[in-house]
Amino acid sequence: MIDRATGLLAGVRQVLSPHCDERPAGTVPELLVVHGISLPPGEFCGPWIDRLFTGTLPADVHPYFKEIEGLVASAHALIRRDGQIVQYVPFGARAWHAGRSEYQGRSACNDFSIGIELEGADGTPYTEPQYGALVALVATLLAAYPSLSCAAIAGHSDVAPGRKTDPWQVFDWPRFRTLLKERLAAQ
Ligand SMILES: [Zn+2]
């Protein structure tokens with residue numbers, strides 16, 4: 001499902017972002033970072049996440065867009081409310097999702113991580129299809145990149161505490177871990 005040569009997922013919508021670069025020499029993905037995002041915050045299913053990650057978000061459409069004008073960000077993939085996956089950055093490349101961050105004493109998580117966004121908002125539970133798609137995507141990534149591990153999966157809030165709160169308390173980590181374990185056991 002992932003072409004290792006290109007770092008692209010087969011069968012998903014690709015909206016390639018210019019907001020990425022190469023990982024430092026010799027660095028491989030070792031961490032998965034789970035995020036939550038919606039644009040504007042709390043509104044789902046619009047075109048705006050694609051636009052943010054491709055640097056084409058029109059600042060005049062919403063006051064919040066004005067607030068984040070000039071923000072240059074991306075993630076490797078987004079899982080929408082219906083479970084549809086969109087890929088923005090090849091997994092081998094460095095996406096710009098974690099910002100100032102640290103995982104187990106190692107800073108600059110973008111260098112060695114893969115960032116997955118879930119379309120969501122604080123206080124709104126994620127959907128069944130999102131958990132299903134996330135588990136399938138993570139299982140695929142674990143198979144394609146042996147440097148990853150199911151022990152090294154963190155939330156943005158875990159790697160940037162005090163600065164970031166996504167994917168928020170509504171992300172059900174025990175449920176995700178149980179589903180992932182079941183999925184990996186069934187392979
Ligand atoms: Zn985040």
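Helices here are DSSP runs of H or I with at least four residues, numbered from the N terminus. This is a predicted model, and the account below moves from its pocket to its nonpolar cores, its aromatic rings and some details of its backbone.

**The largest pocket**

The largest pocket has a volume of about 570 Å³. Its lining is made up of 29 residues, of which Gly 36, Ile 37, Leu 71, Lys 164 and Asp 166 are the closest to the centre. Two elements, strand 5 (31-37) and helix 1 (48-53), each give two or more residues to this lining, and strand 5 holds the largest share with three residues. Sorted by class, the lining consists of 14 nonpolar, ten polar and five charged residues.

In soluble globular proteins, nonpolar side chains tend to be buried together. The largest nonpolar core in this model has 31 residues, and those that touch the most other members are Ile 116, Leu 137, Val 138, Leu 141, Phe 171 and Phe 176. At least two residues of this core come from each of strand 5, strand 6 (77-79), strand 11 (113-119), helix 3 (128-144) and helix 5, with helix 3 supplying the largest share, nine residues. Apart from this core lies another, of 18 residues, which includes Leu 39, Ile 49, Leu 57 and Leu 78.

Which residues does Phe 171 contact, once its neighbours within four places in sequence are left aside? They are Val 34, Leu 118, Tyr 126, Tyr 131, Leu 134 and Phe 176.

**Aromatic pairs**

| Pair | Arrangement | Centre to centre | Angle between planes |
|---|---|---|---|
| Tyr 131 and Phe 171 | stacked | 5.6 Å | 15 degrees |
| Phe 171 and Phe 176 | tilted | 5.7 Å | 50 degrees |

Tyr 131 counts as buried because its relative accessibility is 3%, and Phe 171 counts as buried because its value is 4%. Phe 176 is likewise classed as buried, because its relative accessible area is 0%. One aromatic cluster brings together Tyr 126, Tyr 131, Phe 171, Trp 173 and Phe 176.

**Backbone details**

Two cis peptide bonds deserve a mention. One joins Leu 39 and Pro 40, with omega of about -15 degrees, and Pro 40 sits in the loop between strand 5 and helix 1. Another joins Asp 166 and Pro 167, with omega of about 10 degrees; Pro 167 is placed in the loop between helix 4 (156-159) and helix 5 (173-186). Asp 166 is also among the residues closest to the centre of the largest pocket.

Positive phi values in residues other than glycine occur at Gln 104, where phi is near 45 degrees, and at Trp 168, where phi is about 65 degrees. Gln 104 is found in the loop between strand 9 (102-103) and strand 10 (106-107), whereas Trp 168 is found in the loop between helix 4 and helix 5. Are these two residues buried or exposed? Gln 104 counts as exposed because its relative accessibility is 71%, whereas Trp 168 is buried, with a relative accessible area of 17%, a value that falls under the 20% limit for a buried residue.

Methods
Residues numbered from 1 in each chain as written. Predicted model: local features only at pLDDT ≥ 70, side-chain atom pairs only at ≥ 80, totals over all residues. Heavy atoms only, no water. 1 Å grid on protein atoms, 1.4 Å probe; cavity = no way out; pocket = protein on both sides within 12 Å on 5 of 7 lines; lining within 4 Å. Points joined across faces, edges and corners; volume = space filled by probe spheres on them. Nonpolar A, V, L, I, M, F, W, Y, C, P; charged D, E, K, R; others polar. Buried < 20%, exposed > 50% of the residue type's maximum accessible area, 1.4 Å probe, protein only. Core = buried A, V, L, I, M, F, W, Y, C linked by side-chain atoms within 4.5 Å. Contact = heavy atoms within 4.5 Å. Phe/Tyr/Trp six-rings, centres within 6.5 Å; stacked < 30°, edge-to-face > 60°.
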